[in-house]
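Thanks for coming. I will go through one structure this morning, and I will keep to what can be read from its atoms.

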Amino acid sequence: MRNVDSIPFNKPYFTGLEMGFIEDSFRRGHTSGNGYYTRMCQQFFEKKLNEDPHQHRALFRSTGIFGTPKCLLTTSCTDALEMCAILSGVKNGDEVIVPSYTFVSTALAFARQGAKIVFADSRLDNPNIDESRLEDLITKRTKVIAIVHYAGVACDMEKIMQIARKYDLVVVEDCAQAIYTSYKGIPLGSIGDLAAFSFHETKNIQCGEGGLLVVNNEKFKKDAEIVWEKGTNRSQFFRGEVNKYGWVGNGSSFLASECTAAFLWGQLQKIDEIQHQRRILWRTYYKAFKYGSDDAILDSHGISIPSLPTYAYNNAHIFYLVCRSIEQRTEIINYLAVRGIHATFHYLSLHHSDFAVKNGWGNSVLPQADRYTDCLLRLPLYNSMTAEDVTSVADAVVSYLKESALGVADLSAAMI
Ligand SMILES: *Cc1c(COP(=O)(O)O)cnc(C)c1O
């Protein structure tokens, strides 16, 4: 194995167009939210999310309550999720189903509205919510199912939407990692009643801190603008629909500034190139582990590589391995760290978190969420990475496995 210089876990990527748009946003003289660049970004996503190349959208639109996606730029995905919680009207005593294996924000947004969080387990084949066990968690008090498309891989949306319609529940898609990806060709974020995207520095497309609310269900569209604009009907006023604006509902200050929107616009110009490069890097990992000269070695050490359901597109947000045990994962992380490669674990099951336990939400037994907590290992993946970097990381993982196997062989020889 060749020695590698430091390969960080992530490096924020810049297209080089950001500064020009930011300067232009200053020249335009409108620096708060809902200006030129905000509208450009929102329209970009409204168009993208409305695409349906395979004409599969009818799978979800039979009820007639969904229109074209309406997008509102926010300061983060967490903010967009908080808007979802306000819009869905959850209150004290209502229950919201959330996967345990996710980022805090998916649950927090609803908990701060007073909801009781009911944690769901992950699937056996990927960390997404196990839809086959969903109905067991539904009670008379359930109002919302918040799902997460982990690593940009779609949840089983047909099953989830069927269950939601049967029990009249709001579906919120946490699309923080799900930009530019789809379920049977339908963009993720356009299927649930509401969805939230992230443009945090760690995501495929970034503007430092930023997010997007998507409203698909017609019944939330008018209120969404009010929640976005601090409880006022200011958006309607600017469109000339009312002659004064005032306090008409619940809300907060969720708008991103024009500077943030201009930064994001600079990224969106190159979204196809960014996605293309990420997919090449992801495939390079996949091929190295699946078809490399030591193709059986991961298997023989109990490590699995990602498997995508046939309905899911791959936006290459994360490349992960699922190790046999937490001890094995820790050894690999340490082995790579010595070689200047920064690999890392991911979420800690939320049902074991201090906050969940304190609230009495920690009683579930969720073996898959715990397995991903202990065993999921994320490898470096960022746009300025080269295919050679990826090969170095993959080689280092394989070297570790060979050396650890030799260690066992040496020990048994010594004992004879
Ligand atoms: C990153 C992330 C968030 C939070 O996004 P912010 O924009 O930082 O608020 C929420 N949910 C998931 C699944 C994430 O990966």
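I will call a residue buried when its relative accessible area is under 20%. By that cut-off C155 is buried, because its relative accessible area is 1%. Please keep in mind that this is a predicted model.

Let me stay with the cysteines. How many disulfides does the structure hold? The count is zero. C155 is in no disulfide, and the nearest cysteine sulfur, which belongs to C175, is 9.0 Å away. C375 is likewise in no disulfide; for this residue the nearest cysteine sulfur is that of C323, at 6.7 Å. A disulfide would need the two sulfur atoms within 2.5 Å. C375 is also buried, with a relative accessible area of 5%.

The largest nonpolar core has 134 residues. F110, F199, F289 and L379 are the ones with the most contacts inside it. As background, nonpolar side chains in soluble globular proteins tend to be buried together.

F103, V104 and L108 make a nonpolar surface patch of about 260 Å². L108 sits in helix 5, residues 104–111, and is partly exposed, with a relative accessible area of 35%.

Now the charges. The structure holds 19 salt bridges, and I will show three of them.

In one, the side chains of E225 and K70 meet at 3.0 Å, N to O. E225 is in helix 8, residues 221–228, and K70 is in strand 1, residues 66–74; the pair links distant parts of the chain, 155 residues apart. Are these two buried or exposed? E225 counts as buried at 9% relative accessibility, and K70 counts as buried at 19%. Both belong to a network of salt bridges that links K70, E225, R239 and E241.

Another salt bridge joins K166 and E135, at 2.9 Å, N to O. K166 lies in helix 7, residues 157–167, and E135 in helix 6, residues 134–137, so the pair ties together parts that are 31 residues apart in sequence. K166 counts as exposed at 59% relative accessibility, while E135 is partly exposed at 32%.

The last one is K221 with E218, where the closest N and O atoms are 3.1 Å apart. Here K221 counts as buried at 13% relative accessibility, and E218 as partly exposed at 40%.

That is what I have for today.

Definitions and conventions: Residues are numbered from 1 along each chain as its sequence is written. This is a predicted model: local features need pLDDT of at least 70, side-chain atom pairs count only at pLDDT 80 or more; totals for chains, interfaces and linings use all residues. Side-chain values use heavy atoms; hydrogens and water are left out. Patches are made of residues with over 30% relative accessible area and no salt bridge: like charges are joined within 9 Å, nonpolar side chains (Val, Leu, Ile, Met, Phe, Trp, Tyr) within 5 Å. Accessible areas come from the Shrake-Rupley method with a 1.4 Å probe; for residues, only the protein chains shown count as cover. A salt bridge is a side-chain nitrogen of Lys or Arg within 4 Å of a carboxyl oxygen of Asp or Glu. Helices (H or I, at least four residues) and strands (E, at least two) are DSSP runs, numbered from the N terminus. Buried means under 20% relative accessible area, exposed over 50%, partly exposed in between (1.4 Å probe, protein chains only). A nonpolar core is a set of buried Ala, Val, Leu, Ile, Met, Phe, Trp, Tyr and Cys residues joined through side-chain atoms within 4.5 Å.
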